[in-house]
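Work through the exercises below with the structure open beside you. Try each task before you read its solution.

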Amino acid sequence: MTNIHSTAAQMSDALSAGSITSVELTEQHLDQIHKVDSQVHAFLHVDRENALAQAREVDAQRKSGQKLSLLAGVPLALKDVLAQKGVPTTCGSKMLEGWRPPYDSTVVSKLKEAGVVILGKTNMDEFAMGSSTENSAYGPTHNPWDLTRIPGGSGGGSAAALASFEAPLAIGTDTGGSIRQPGAVTGTVGVKPTYGAVSRYGLVAFSSSLDQAGPCARTVLDTALLHEVIAGYDQMDSTSINAPVPQVVAAAKKLDVKGLKIGVVKELSGEGYQEGVLQRFNEAVDALVQAGAEIVEVSCPNFEYALAAYYLIAPSEASSNLARFDSMRYGLRVGDDGKASAEEVMNLTRHEGFGAEVKRRIILGTYALSSGYYDAYYGSAQKVRTLLIRDYQAAFAKADVLVSPTCPTTAFKLGENVDNPVAMYLNDIATIPVNMAGIGAMSLPCGLAPEDGLPVGFQIMSPAMKDDLMYQVGGALEAALINKWGKTLLSDIPVLEGK
Amino acid sequence: MTLTYDQAVIKYEPTLGLEVHVELNTKSKMFCGCATEFGAEPNTQTCPICLGLPGALPVVNGRAIESTILIGLALNCQIAPFSRFARKNYFYPDMPKNFQTSQYDEPICVNGYLDVEIDTDEGKMPFRVEIERVHMEEDTGKSLHVGGETGRIHGADYSLLDYNRAGIPLVEIVTKIIPGAKKYAPQVARAYVTELRDILRSLGVSDVKMEQGSMRCDVNLSLAIAGSGALGTRSETKNVNSLRSVERAVIGEIIRQSNRLETGERIIQETRHFLEESGLTRPGRSKEQAEDYRYFPEPDLVPVVPDAAWIETLRGQLPERPSARRKRLQTEWSVPDKEMDSLLNAELLDVVEETIALGAEPARARSWWLGEVSRLANEREVAPTSLITAASIAEVIVLIESGELTDKLARQVIEGVIAGEGSAKEVIEKRGLKVISDDGALTKAIESAIAASPDTAERVRSGNIPAAGALIGAVMKSTGGQADAAKVRELLLKHLGQG
């Protein structure tokens, strides 16, 4: 019997078998959102009418015998950073309150084409800047494992929607870990594909050279199914890769790692990592060994500069990307009293419309790009980027994939780090090198930390354009762990009672 | 006392620098598919990309790159094997993204030159203008400031924005500093812009209409004491919008700057605006504190790496250089220098060439365009080429050559064609404008003329040949000008025994 706790793959089977309709499935999820989202606050906008209309259309197509894609009729939660025609798209910012894009992002076009039902838009740190969703102008999302804790960020809304069974599938975007860290702290699966694998057209840019949309779900196979829907070359995005999409679904189904070399990155463990995180990570590595993989230790000496370089490149690009929010053409407008000049209105609007973290990064980036500082900051950071790519090349010469804990700790308390940006930034220490090098990585759950009973994420990194490798290892590890535990991790999540 | 131009250029030596912006005539914009037609309803040629909507991404117009490479090759530039776009960051309401996608330290064409010819006291002399770079960028939108006295943003009641122009491909052609032009600096500037315009036109890459703004020139000028070898502080005169204005702007700035220097004032590095009526300039914004545009490589676009073989193919497609063509045509048509200058100044070279290609004799083609057609165009204050086509003029000339039209009749035909009475043939038909070549009809008219003035006829008979003029005039009059005067004379004299 299919219900909201099923996987997307199971829902897909049930839909094809005719044991449930997309409208029924969509209503189940809308009911769950209605029931629990006042506590979780995963959604900024629930698009009930459009979702049901889409579901009806898929049901009609199925009835008429039309050949449908695997995920047709399965509901999905969309991070509010992707443009969807006619549907509010805020990026978690006051700046875009009420803005309805006149166009679909490529990701949304592909989802619609595949008949995936879009339930609504999920909460996020403003303009994807943050690791806790506390920077959302619309209030934070709560971690369904413990409502007093953060769901990760920036894509905390998407991850929390999965963990609270509000949706079986979600789209996230990952600039420095915004898919993987929320996945880790909510016990869900999140994938950042190789840079360029999924079109960025319609993804409101934070840092263009780092941003990448990707699939989120509760199982590796579900993320793979979604990956194949959204990935592929797009001529609307010049940085899109013009090559066939790796066979990630087939890879996720292999459940075999015999002979694969797994590289444990020396620099991404040890000091600063929570004990229970390391324990569960090491157990997962053991599980891979037992499944027939070979473990090698690799060293990436330049990773220690990754965080610093990231906090020059990402804010630099952001300072330019966010310049367009000036109240002239769309979004918030403040102080337009008929007397104020355009420049004054721009100033007032940007002062009101952006939150503290966004302003912090705009200021950082503006400074780093200033004449006289460019070489020392932006220029040096780009050199670090080259060094990180070389570190990965050397490591991938020794191993097929690399692994690490996704984050140093489990979910921290809401409010714990809001006044300490550097502590907040350190959350992404293990995820950031991946974006800087443009490779792909996945986070999947590897257990609950004994000391706090919260989920721990296991990160698998694969070489650029070889996303299938991380799916192969992830699928096999997931199967081994579920076999060991005798259940899925999420079966232990506290049940949220409706109001 | 104030210095005159002649005095100024004895004491001071001008150094020029010219920046020319050219709108390419590609069908679509630089980074999106929007149309580029001039004069469309405001904001009808826009899309999410050229409006800089959140999430939209640019894609380079391949035709624009091709055009820019052609320009570079025609200007003897090196084509960079690797060039990049960069973002020029500054806020202005008519710039949708608040950055302009341009090129900075890695332009597509570098190090070229353009040879021009100037009239000196020693006759025509060649002068080489060296080109620093040719790069691509996108145009901004247009602001219309309503209210206020100056039409500038300052003091306006409100401003209207038209983004049709935003994203139109622009090519900027920047010279190196041009020393050594001395008193000929105004002429060098004009000759350079003229030659550049002719080259761009021959390449077919731009409409090069200065009055419509598809070609705009900024004139940089500085003065230094003659012979000092020093380089003075420069002013930058913006948007000089005709060839004549280029010359006047240089003269105006030489006079203004020299008189400032004479009174011990310093030159302020600033932008100035050319005033069409007075030929003077007024100050714009000061550039004393250099604006910081925070350039950095555009992360949304990939580098431009043109294939070497493609560049060679383009080089092979370069048309004949306009200066070479002028020399060739002058020789082929044996045109005196003075008349050649008239043709060039009146911009009639192309149409005369076309008329000759259609079978007209060169001397006649020139004289009809420079004479009758230009006269009619002047009366109407339009360009000669807008009045009538080369084909019509060629048709008329061919008929003159075959004796079917007299000059007088030809003028009537041209008038008829301009009045919209149809083609030359149709006008001749409708108005009955044909030379009377029938000897019988002419003889009749001659006999009537003799009968009307027997005394005059007698004088001719007795050898007073000049007296025949009056009789010829009478015949011409009675035939409505449709007789060939030479033929009338021949027949008349024969009739009176003088043949």
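The exercises below concern a predicted model.

**Exercise 1. The sheet in chain A**

Task: Find the order of the strands in the open sheet of 11 strands in chain A, then find which strands are at its edges.

Solution: 
- Step 1. Go across the sheet from strand to strand. The order is β1-β3-β2-β4-β6-β5-β10-β11-β9-β7-β8 (chain A).
- Step 2. Check the directions. The pairing is mixed.
- Step 3. Look for strands that pair on one side only. These are β1 (43–46) and β8 (294–298) of chain A, the edge strands.
- Step 4. Ignoring direction, neighbouring strands are turned by 30° against each other on average.

**Exercise 2. One strand pair**

Task: How many bridges join β5 to β10 in chain A, and do these strands run parallel or antiparallel?

Solution: 
- Step 1. Locate the strands. In chain A, β5 spans residues 189–192 and β10 spans residues 440–448.
- Step 2. Count the bridges between them. There are 3, and the strands run antiparallel.
- Step 3. Pick out one bridge. A:V191 has A:M442 in β10(A) as its partner.

**Exercise 3. Helices on the sheet**

Task: Which strands does helix α7 of chain A lie across, and which does helix α9 of chain A touch?

Solution: 
- Step 1. Take α7 (residues 220–230) of chain A. This helix lies across β4 (169–173), β5, β6 (213–217) and β10 of chain A. Its angle to β6(A) is about 150°.
- Step 2. Now take α9 (residues 275–290) of chain A. This helix packs on the sheet and touches β7 (261–265), β8, β9 (401–405), β10 and β11 (455–462) of chain A. Its direction makes about 50° with that of β11(A).

**Exercise 4. The setting of α7**

Task: How many residues of α7(A) are buried?

Solution: 
- Step 1. Apply the cut-off. A residue is buried if 20 or more other C-beta atoms lie within 10 Å of its own.
- Step 2. Go along the helix. Among the buried residues are A:V220, A:D222, A:H227 and A:I230.
- Step 3. Conclude. 11 of the 11 residues of α7(A) are buried, so the helix is largely enclosed by the rest of the structure.
- Step 4. Look just past the helix. There A:G232 has a positive phi of about 130°.

**Exercise 5. Chain B and its contact**

Task: What radius of gyration does chain B have, and what would a compact globule of 499 residues have?

Solution: 
- Step 1. Compare the two values. Chain B has 30 Å, but such a globule would have a radius near 23 Å.
- Step 2. Check the box. Along the principal axes, the C-alpha atoms of chain B fill roughly 95 × 60 × 55 Å.
- Step 3. Turn to the contact with chain A. This takes 25 residues from chain B and 33 residues from chain A. The chain B side has 15 nonpolar, 5 polar and 5 charged residues.

Key
Residues numbered from 1 in each chain as written. Chains lettered and ligands numbered in written order. Predicted model: local features only at pLDDT ≥ 70, side-chain atom pairs only at ≥ 80, totals over all residues. Pairing = 2+ DSSP bridges. Helix = DSSP H or I, 4+ residues; strand = E, 2+ residues; numbered from the N terminus. Axes fitted to C-alpha atoms, helices over the stretch in contact; angles between N-to-C directions. Contact = placed C-beta atoms within 7 Å. Buried ≥ 20, exposed ≤ 12 C-beta atoms within 10 Å, placed from the backbone. Nonpolar A, V, L, I, M, F, W, Y, C, P; charged D, E, K, R; others polar. Rg over C-alpha atoms; globule rule 2.2 N^0.38 Å.
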